[in-house]
Amino acid sequence: MNILNIFSIVAVAIVWPTWVAYAAPAGETPMAKRALKFSFGSEKIRGVNLGGWLVLEPWITPSIFEATPDNVVDEYTLTQTLGASEAATRLEKHWSTWITVDDFRDIASKGLNFVRIPVGYWSVTPISGEPYVNGGYKYLTEALDWASDSNLKVMIDLHGAPGSQNGLDNSGRRGAIEWTQGDTVAQTLTALNKLRDDFSSHPSVASIELLNEPMSPNLNMDTVKQFMSTGTDNLEGHNVAVAFHDAFLGVSSWNDWGAASDSSSLLLDTHHYEVFDGGQLQMSIDAHVSSVCDFGNQMAGSNKWTISGEFTGALTDCTKWLNGRGVGARYDGTFNYNGKTSSFIGSCEGKSPATVDELSTEDRSNIARFINAQMVAYEKASGWIFWTWKAEASPEWSFKDLANAGVIPQPLTSMNTAACG
């Protein structure tokens, strides 16, 4: 997710490293359509993310972080601080219990057809000397079988790259953005190639995402696009849709890169949130609905299959640690990170309680309307994947809790299809 304000722009020199193979850009050499495992473009994706499972985020599972020092802000510092043995014990317990086969059965029972599984490079191709704990990869392997048993398709999402592609805690390491420096791009491609070799033939794996949320203002986009071209070439012919994130440039910015979906297997992933900007936080529910409906029109105008691979029911950023541990919230004016602050909009009291039942009648109604409008809007294009399946104490972000409480329509076919007019 795009949680912190965009960092100061860092200029990066263009260097053509050893990982650049001789190949025309993806836009000049269309990736031939293959025997894909999902009817992209004709069948709508309706899915959930398994956030906070194989890549930790403090706000999703705060219980893992609460008994640690304040400097523990992400998976890197957690494992570094706890040490290998203790970190392995705690993470093994988390991996084996946070998501199980019963979750996949429940996901399917709620009318969903897709699961996006975030994974960090450290689980795929660990780098010597880093503190991350190995062991999550076997759960990814197991999850694919669970998906098949529940007739669900999977997008494997490389959520964290060496050096961090966005400086956010969801990349594994909060702080500096050092991806594209040194060997980090080659290491990222190595991780993708292993995911391809190990899983592209699995019947549940319909897509592999090259990289989650590269922070374009801090990266040289020529380098990023070359990475995407090489990654796409490496996945060609392996019967998976190649998903790529819009790098916060907007869906229309990618029409001239890569081949259109009528002659390729490219899938554009955009993430739409309206809680990480002070102006959007002040919008009325009518304005939020209008905004997401307009965004759905933009998605539909893309020349590629396009999904909202992350979105939420949240209308504030009041969830504890949503913006990062110790950062605060924009909504109540407590946000403070790297010299950036916010102004008071309203109190967070009652805005992000532990359960759906504790939401006010008004907030519950607004969240239901907001989610319904987004589902309708994003199905103007190729569909949606909600962030996230569940969270310990943040109901507006938990598909499971919202669906069980009737805030998300059940069955999904009962959604108000006139929400966008």
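1. Let me begin with the contacts. Among those between residues at least 6 apart in sequence, 78% join residues at least 24 apart in the protein. Please keep in mind that this is a predicted model.

2. On the overall build, the protein has twelve helices and ten strands. Its radius of gyration is 20 Å, close to the 22 Å that the globule rule gives for 421 residues, so the protein is as compact as a globular protein of that length. The C-alpha trace spans about 60 × 50 × 45 Å along its principal axes.

3. Next, burial and surface. Of the 421 residues, 58% count as buried. The accessible surface of the protein comes to about 15300 Å², and carbon and sulfur atoms account for 47% of that area.

4. The aromatic side chains deserve a look of their own. Searching the whole structure turns up 25 aromatic pairs. One of them is formed by tyrosine 121 and tyrosine 132: the ring centres are 5.9 Å apart and the planes stand at 85°, so this pair is edge-to-face, given that angles over 60 degrees count as such. The pair links distant parts of the chain, with tyrosine 121 in helix α5 (residues 121-124) and tyrosine 132, eleven residues away, in the loop between α5 and α6 (137-149).

5. Are these two tyrosines buried or exposed? Tyrosine 121 has a relative accessible area of 3% and is therefore buried, the cut-off being under 20%. Tyrosine 132 is buried as well, with a relative accessible area of 9%.

6. Which residues make up the aromatic cluster? Phe295, Phe311, Tyr378, Trp384, Phe386, Trp389 and Phe399 form it together. I would show these side chains in a single view.

7. Finally, two places where a charge sits over a ring. Lysine 320 lies over the face of tryptophan 321, at 4.5 Å from the ring centre. Arginine 330 is placed over the face of phenylalanine 335, and here the distance from the ring centre is 4.3 Å.

Note on methods. Residues are numbered from 1 along each chain as its sequence is written. This is a predicted model: local features need pLDDT of at least 70, side-chain atom pairs count only at pLDDT 80 or more; totals for chains, interfaces and linings use all residues. Side-chain values use heavy atoms; hydrogens and water are left out. Rings of Phe, Tyr and Trp (its six-membered ring) pair if their centres lie within 6.5 Å; planes under 30 degrees apart count as stacked, over 60 as edge-to-face and the rest as tilted. Helices (H or I, at least four residues) and strands (E, at least two) are DSSP runs, numbered from the N terminus. Buried means under 20% relative accessible area, exposed over 50%, partly exposed in between (1.4 Å probe, protein chains only). A charge sits over a ring if NZ of Lys or CZ of Arg is within 6 Å of the ring centre and within 35 degrees of the ring normal. The radius of gyration is taken over C-alpha atoms; the globule rule is 2.2 Å times the number of residues to the power 0.38. Contact means heavy atoms within 4.5 Å. Accessible areas come from the Shrake-Rupley method with a 1.4 Å probe; for residues, only the protein chains shown count as cover.
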